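I opened a new page for this model and noted what I looked up, in the order in which I looked.

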Amino acid sequence: MKTETKLSVFGMGKLGCTMLACFAHKGWHVTGVDVLEDSVTKLNKGLSPIYEPGVADLIKNNADKISATTNVKEAVLNSDVSFIIVPTPSQEDGSFKTKLVETVAVAIGEVLRDKKDYHLIVVTSTVLPGDTARIVQLLEKSSGKKCNVDFGVCYNPDFIALGTVVRDFLNPDMILIGQSDNKAGDTLCDIHKSLVD
């Protein structure tokens, strides 16, 4: 995928911030989105808000391609693809608490209501089968638009280990893409083809 495609990453924790750094390293303009003002301020100064080997250098060296905001509308209107990588804590029954993913999906959907161009939403946070169907419903309800027509959705978990996130993200053992339709999956596949070493 051409790096003219603009990306946004929702959640500037260890994984989201590393994704943002790696995308910028590979040439994309990327917007980081977080509720923490401190993380946003650091990123806009070319500093990493997290510690993960290699991330601070990637952010520093690619600061011209990185912006950060707490404003969902700004991020969605200025990107073509949004990655959601917010915490989904394990629950006692083995399921994952998806409230933060759902909150972000609704916020993105509300912006898509006013966006004319196609937008791809990629859920990278860990969720179970069936969870993405609910996320699609939330996106359709909050946007007033239809999945596979006005926007696409993919599920794309990362298989990484803390301490080696940069290496694992750029050199994955495998890439898993669940797609709402071929356009969504092909778009994400093209990103990965340009991303991986």
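Which residues of the largest nonpolar core touch the most other members? I found Leu7, Phe23, Val30, Phe83 and Ile191, out of 33 residues in that core, where a nonpolar core is a set of buried Ala, Val, Leu, Ile, Met, Phe, Trp, Tyr and Cys residues joined through side-chain atoms within 4.5 Å. Buried means under 20% relative accessible area, exposed over 50%, and partly exposed in between (1.4 Å probe, protein chains only). Helix H1 (residues 14-25) gives this core its largest share, seven residues. I also noted a second, separate core of 22 residues, with Phe10, Ala75, Leu139 and Val153 among them.

For the record, the model is predicted: local features need pLDDT of at least 70 and side-chain atom pairs 80 or more, while totals for chains, interfaces and linings use all residues. Residues are numbered from 1 along each chain as its sequence is written, and side-chain values use heavy atoms, without hydrogens and water.

Next I searched the whole structure for salt bridges (a side-chain nitrogen of Lys or Arg within 4 Å of a carboxyl oxygen of Asp or Glu), and the search gave eight. One of them joins Asp131 to Arg134, with the closest N and O atoms 3.4 Å apart; both residues lie in helix H6, three residues apart, about one turn of the helix. Asp131 counts as buried because its relative accessibility is 11%, whereas Arg134, at 34%, is partly exposed. I then saw that Glu102 is linked with Asp131 and Arg134 in a network of salt bridges.

Definitions and conventions. Helices (H or I, at least four residues) and strands (E, at least two) are DSSP runs, numbered from the N terminus.
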